[in-house]
Amino acid sequence: MSRKHHSQQTLESPHQSSSGLGQHPDQTLRQPLESILTTHELRRRPSRRPDYQAENKVLTSLMREMAGSPRSILRLLAESALKLCRAHSSGISLLEEENGRKIFRWHAAAGQWSPYLGGTMPREDSPCGIVLDRNAPLLFSHPERCFPIPPDVTPAPVEVLLIPFHFADEPIGTIWVVAHDDSRQFDAEDERILTSLGRFASTAYQALASLDALKSQAQARKKAEAERDRLHAQQLREHQLLQRLVERSPVAIAIMRGTDLEFTLANPAYLAITGSSDPIIGRVLLDVFPEARETGADQRLLNVIRTGRPYSLQNTKFVRNQIETWWDGEVLPLKNEAGVVDSALILAWETTARKRAEEALRQSEQRFRRILDALPAAVYTTDPEGRVTHFNSAAVVISGRVPELLTDNWCVSWKLYQPDGTPMPHGQCPMAFALKHGRAIRGAEAVLERPDGTRVPFLAYPTPLRDADGKIVGGINMLVDITERKEAEAATAFLAAIVNHSDDAIISKDLNGVITSWNKGAERLFGYTAQEAIGHPVTMLIPPDRLPEETEILSRIRRGQPMDHFETVRVRKDRSLIEVSLTVSPVRDSKGRIIGASKIARDVTERKKAEEAMRQAKEILANHAAGLERLVNERTAALQETIVDLEAFSYSVAHDMRAPLRAMQSFARILVEEHSRHLNQTATGYLDRIIQSSHRLDRLIQDVLSYTKILQADFPLEHVDLDRLVRDIIGSYPDFHSPHSTVLVAEGLPTVLGNQAWLTQCLSNLLSNAVKFVRPGVPPLVKVFAETLNGHVRVWVEDNGIGISPRDKDRIFRLFERIHSVSEYSGTGIGLTIARKAIERMGGHIGVESELGQGSRFWIELKKA
Ligand code: ADP
């Protein structure tokens with residue numbers, strides 16, 4: 001192992017502990033410190049004489065070295081110590097710190113240990129540490145016995161003399177000499193030399209240290225200066241650049257300082273805002289922009305300085321010299337050197353052009369929308385994906401709903417169908433097709449259904465919209481409602497079908513009399529096909545003797561006069577004649593001008609025949625009717641005669657019957673009055689019954705006579721005072737008085753138009769019935785009163801009798817109709833018949849209101865007098 005190699009190693013042995021002296025782990029191997037300390041020997045050994053000459057020489061060379069090359073002074077010192085002390089090795093160790101540990105580094109080494117230059121030893125494991133601790137020269141004998149000096153540090157020391165040296169009263173290192181064998185033993189003279197060299201070392205160290213410090217200081221200063229220069233240059237460059245930028249920037253830049261907002265910077269772009277070329281640096285905001293007070297701009301700026309918070313301008317309007325401009329920008333707080341915000345930096349860039357462009361776009365969009373909205377046709381727009389972006393009110397009308405923007409796809413309609421009625425998915429509608437294929441479509445027919453179920457046929461005119469590069473940016477579609485057209489088409493088709501299927505010949509001609517249309521009916525009637533007829537003069541249908549008719553017809557048509565059911569004769573293709581009824585009407589174009597005539601010709605041959613037959617039948621009937629009438633008249637006259645005869649007969653019968661009846665009555669009475677004593681009771685009884693029956697018969701005859709009288713007699717109408725009449729009747733019949741009955745008559749019965757005699761008859765009959773038809777034992781109570789209504793008087797006779805069932809109400813007014821037998825209530829069944837006849841002949845009415853068992857209310861109604 002070469003020494004050189006050792007020199008790069010630490011003097012520390014790997015197994016060495018870091019513990020201090022006296023605590024060595026291998027105490028058995030290590031001897032106590034005191035046993036190797038032999039310093040006292042220095043005093044005891046005979047000291048050699050000082051060799052001042054050699055010493056001076058050494059010191060002189062040291063001084064020279066010190067002035068010329070201070071770096072090598074430590075090496076020279078070690079060499080000097082070696083030489084002056086005649087040692088085998090020497091060196092200088094300096095205390096240093098390495099990795100947090102105190103160590104001694106051999107900064108100089110001479111003699112046999114010179115290869116270990118630069119080596120280190122831990123302070124606590126080194127004799128140097130003891131020397132520094134005790135701050136005195138120490139002599140060690142065989143130090144390896146106490147200190148862990150690695151065995152490969154050769155040759156081993158026999159004796160070591162160490163002197164501490166100081167720097168600013170701090171021990172910082174040692175200078176030492178080593179004897180490797182007994183041939184050299186250090187003495188007091190060596191101690192003195194080494195102490196002197198130690199002092200020198202101290203000075204040298206000091207010089208070196210201050211030299212190093214100076215050097216590093218100078219270096220640091222140089223470096224700092226260079227850095228400052230660099231920074232300065234950079235700052236200058238940046239400042240210039242910034243200045244150029246600020247000067248040339250299109251962004252308006254200004255700085256305002258302090259509470260009065262004094263301009264400290266303003267670039268040309270900012271100056272341009274002021275609208276004047278006057279410099280503004282040094283002026284305050286309100287001086288340059290007095291209006292800032294109104295707009296509050298000054299407060300906003302001051303706020304930035306006060307709070308240190310920036311704010312943004314967005315599309316802010318600015319008016320100067322009546323010119324409006326718009327601005328975006330930032331206002332930022334600026335700090336002074338003391339780090340305090342004292343200024344506001346304004347950066348503003350004009351957005352007027354953008355604003356105007358936006359405004360123009362907005363206006364053009366608005367105009368476009370207004371145009372869309374004003375269009376009578378339904379129009380809507382979509383984005384490129386087909387989402388509806390706009391629609392006009394006509395689109396709402398046609399679709400029957402309000403489309404949903406950006407939700408409805410392709411079409412504003414609710415449901416879509418093909419013209420034939422099969423459903424059409426929205427994605428296949430004309431607009432979808434136009435956008436997907438980038439092609440405009442003109443008039444695609446479809447049908448939409450509204451949410452209320454109504455369907456609207458329409459034509460779609462979708463057009464893709466493109467930007468300047470031709471990219472599709474959306475679509476516009478117009479929907480035209482063709483309901484009316486469809487209806488017109490249907491109506492036309494319907495009319496055409498009617499015309500075609502009509503049995504009548506329907507033809508049209510122009511004003512020159514040339515046939516322009518010809519239906520199936522015309523084919524059938526005239527025998528020409530449409531092909532044979534159209535384009536030919538209509539005169540081919542007119543017999544030569546009737547040609548003037550056509551001239552007349554045409555002139556009427558030209559005057560706009562239609563002709564209804566003009567009956568004439570026409571000629572067929574086979575030259576046979578045919579009777580027709582013509583209805584000719586002018587045909588006008590859409591502007592109302594007469595351009596021809598339509599002609600309906602009906603074959604009236606059959607009708608004519610039927611009419612003739614009808615006429616004949618009517619004639620026969622008329623003759624027949626006349627005969628019949630005659631017959632009826634004759635028979636009626638005969639009947640009348642018979643009736644009169646019969647009436648006369650019945651009257652005379654009735655009249656003539658009374659004479660024998662009276663004879664019967666007279667004889668019966670004579671029998672009762674004069675011969676009753678010759679008669680037994682049975683005979684008297686029979687006589688009574690004869691008398692009664694004859695009375696009844698007489699009554700009957702009288703009634704029949706009254707009735708026939710009414711039928712025959714003339715009725716002179718006169719004013720009849722009912723009040724008087726009723727009171728007279730009541731006065732003259734005892735039946736109408738107590739105790740038989742009570743008849744109450746209302747005051748002031750009115751005067752009517754009637755016949756005194758017949759009214760007396762009628763009212764007498766009603767009053768007699770009223771007191772007659774009561775239940776046995778019930779005293780009759782009758783009320784007579786009247787009411788006037790619309791010029792008529794109704795007289796009521798109300799009783800408390802047995803009443804009449806509603807089903808008998810009409811019957812009782814007929815001749816001989818009675819509800820009760822004679823044994824129950826006497827009577828002939830003629831009284832009400834007479835009353836009815838009499839009232840009717842006086843132009844009045846009679847009736848009854850009654851319920852069975854509830855009493856009856858008979859009434860007669862006559863004209864008020
Ligand atoms: P007569 O009284 O002679 O029977 P009328 O012609 O006067 O004949 O009357 C016809 C019938 O009408 C009567 O038989 C009677 O049944 C019914 N009748 C008439 N007046 C009354 C009345 N006031 N109450 C009940 N029934 C009446």
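The second largest cavity in this structure, which is a predicted model, has a volume of about 50 Å³. Its lining consists of Ile507, Phe526, Val538, Leu541, Ile542, Arg570, Leu582, Lys599 and Ala601, and these divide into seven nonpolar, no polar and two charged residues.

A search of the whole structure finds two cavities of 30 Å³ or more, and the largest cavity has a volume of about 160 Å³. Of the 16 residues that line the largest cavity, those closest to its centre are Trp106, Trp113, Met121, Pro127 and Ile149. Its lining draws at least two residues from each of α6 (127-134), β5 (159-167) and β6 (170-179), and it is made up of 14 nonpolar, two polar and no charged residues.

The ligand, for its part, sits in the largest pocket, where 20 residues surround it, the closest being Asn769, Asp799, Arg818, Thr828 and Leu832.

| Residue | Protein atom | Distance to a ligand oxygen atom |
|---|---|---|
| Arg818 | polar side-chain atom | 2.4 Å |
| Thr828 | polar backbone atom | 2.7 Å |
| Gly831 | backbone N or O atom | 3.2 Å |

The protein covers 97% of the 520 Å² of accessible area that the ligand has on its own. In the shell around the ligand, α22 (756-772), α23 (831-841) and β30 (856-863) each supply at least two residues, with α22 giving the most, namely three residues. By class, the residues of this shell divide into nine nonpolar, seven polar and four charged.

Technical notes:
Residues numbered from 1 in each chain as written. Predicted model: local features only at pLDDT ≥ 70, side-chain atom pairs only at ≥ 80, totals over all residues. Heavy atoms only, no water. Near = heavy atom within 4 Å. Polar contact = N/O pair within 3.5 Å; in protein donor to acceptor, adjacent residues only side chain to side chain. Areas by Shrake-Rupley, 256 points an atom, 1.4 Å probe, with all protein chains shown as cover. 1 Å grid on protein atoms, 1.4 Å probe; cavity = no way out; pocket = protein on both sides within 12 Å on 5 of 7 lines; lining within 4 Å. Sits in = over half its atoms within 2 Å of the grid points. Helix = DSSP H or I, 4+ residues; strand = E, 2+ residues; numbered from the N terminus. Nonpolar A, V, L, I, M, F, W, Y, C, P; charged D, E, K, R; others polar. Points joined across faces, edges and corners; volume = space filled by probe spheres on them.
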